Amino acid sequence: MSAIKDTVKAMKEVLLLTDKVEKTGDLLTEISHELRDHNDRILRLETRLDTYVEVATMQNKAIEHK
């Protein structure tokens, strides 16, 4: 009987571990999507900032030439 109990216990542990691995995989997928979203947002902000700096630089040059 001890061998059967050990086998059932091992199978339960495998099922629990499998569930934990699946949940972790799902969480990592979600985190990956969030990181991509943040990366896209940062890229858009950097682009805006570069544009603002370029416009400000052009305005300063125009003021200096007056």
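Author: Let's start with Asp37, which is partly exposed, at a relative accessible area of 33%; buried means under 20%, exposed over 50%, and partly exposed in between, using a 1.4 Å probe and protein chains only. This is a predicted model, where local features need pLDDT of at least 70 and side-chain atom pairs count only at pLDDT 80 or more, while totals for chains, interfaces and linings use all residues. Residues are numbered from 1 along each chain as its sequence is written, and side-chain values use heavy atoms, with hydrogens and water left out.

Asp37 has a partner: Arg41 forms a salt bridge with Asp37, and their closest N and O atoms are 3.4 Å apart. The term salt bridge stands for a side-chain nitrogen of Lys or Arg within 4 Å of a carboxyl oxygen of Asp or Glu. Arg41 is partly exposed too, with a relative accessible area of 44%. Both residues belong to helix α1, 4 residues apart, or about one turn of the helix. Helices here are DSSP runs of H or I with at least four residues, and strands are runs of E with at least two, numbered from the N terminus.

Searching the whole structure gives 2 salt bridges. Asp19 and Lys23 also form one, at 3.3 Å from N to O, and they too sit 4 residues apart in helix α1. Asp19 is partly exposed at 32% relative accessibility, whereas Lys23 is exposed at 55%.

As for the setting, the protein has 1 helix and 0 strands, and buried residues make up 0% of its 66 residues.
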